[in-house]
Amino acid sequence: MLAGGALALGGLQMQTLFRNPLAGPDVLGLSSGASLAVAILLMTGGLGSLFSSSLSIALVASIGSAMIFLAVLAISHRIRDNISLLIIGLMIGAVTSSIVGVLQYISKADDIQYYLVWTFGSVASLNWTEILILGFGVVVGLAISIICIKPLNVWLLGENYAMSMGIHLKRSRLLILIGTSVLTGIVTAFCGPIAFVGLAVPHLARLVIDTTNHKVLIPAVMLAGGIVMLFCDSLSRLPGSDFVLPINAITALVGAPFVIALM
């Protein structure tokens, strides 16, 4: 539920900042950066068996996300247009995906399997220490998001209106990016790259609660994200069976038809 709420909140902030209904928490390339770092760890020289503990993988994934975030942060200081920043984030994701593809092509089958299992996503492998770390990261990201409630409400009407309302554009955009990066990075580090929750849940919350006020949307989206993730995790466990499906497969099966219906 922590992971679902964090991803949903990150998706809400990105959709508001970029004013794009198809923006998700991974548009900045953070998930791709984490995937690249984990791929380098697990698919270079058979290190997967030595560093396959969830905490070490989470640490490496956090470093990968942080490096991409610093790159996006440096670029954001030189770009005034949010759409350009969105495109750059997507291109960073494309580059990292290409590098991961090359690593998969030249790696051993066992190392590739370690990596693929991680990319499927999992909310079941965390111990209580890791859940506490995840919870702390989510609280930090939520606190930053609460600070950004007024800028988020104003960003809905565009940059010119935000400027006329006295919002410092660079500062507010920086805070929103930091909050989303913390939420997305901590979840990706501990649970792997989980798709569609951050994209679909904000729309679901807006349908249920007809408001654009982020003072109401933030708690509603976090609650909806936790419920949707819990529902998907229950489905992945195939009640009555010992077999467990990857959480990413279920979130895509649930989220993709919803986004199609929304369009």
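What follows is a working chat about a predicted model.

Biologist: Before we start, what kind of model is this, and how are residues numbered?
Modeller: This is a predicted model, in which local features need pLDDT of at least 70 and side-chain atom pairs count only at pLDDT 80 or more, while totals for chains, interfaces and linings use all residues. Residues are numbered from 1 along each chain as its sequence is written, and side-chain values use heavy atoms, with hydrogens and water left out.

Biologist: Where is P25?
Modeller: P25 lies in the loop between α1 (2-18) and α2 (30-42), helices being DSSP runs of H or I with at least four residues, numbered from the N terminus.

Biologist: Buried or exposed?
Modeller: P25 has a relative accessible area of 7% and is therefore buried, where buried means under 20%, exposed over 50% and partly exposed in between, with a 1.4 Å probe and protein chains only.

Biologist: Which residues does P25 touch?
Modeller: Leaving out residues up to four places away in sequence, P25 touches L7, G10, G11, M14, T180, T184, G198 and L199, contact meaning heavy atoms within 4.5 Å. The C-alpha atoms of P25 and S181 are separated by 7.9 Å, although the two residues are 156 residues apart along the chain.

Biologist: How many residues of α1 are buried?
Modeller: In α1, 16 of the 17 residues are buried, so that this helix is mostly covered. The residue that follows α1 is R19, whose phi is positive, near 50°.

Biologist: Switching topic, where is L207, and why does L207 count as exposed?
Modeller: L207 is in helix α10, and L207 counts as exposed because its relative accessibility is 57%.

How values were computed. Helices (H or I, at least four residues) and strands (E, at least two) are DSSP runs, numbered from the N terminus.
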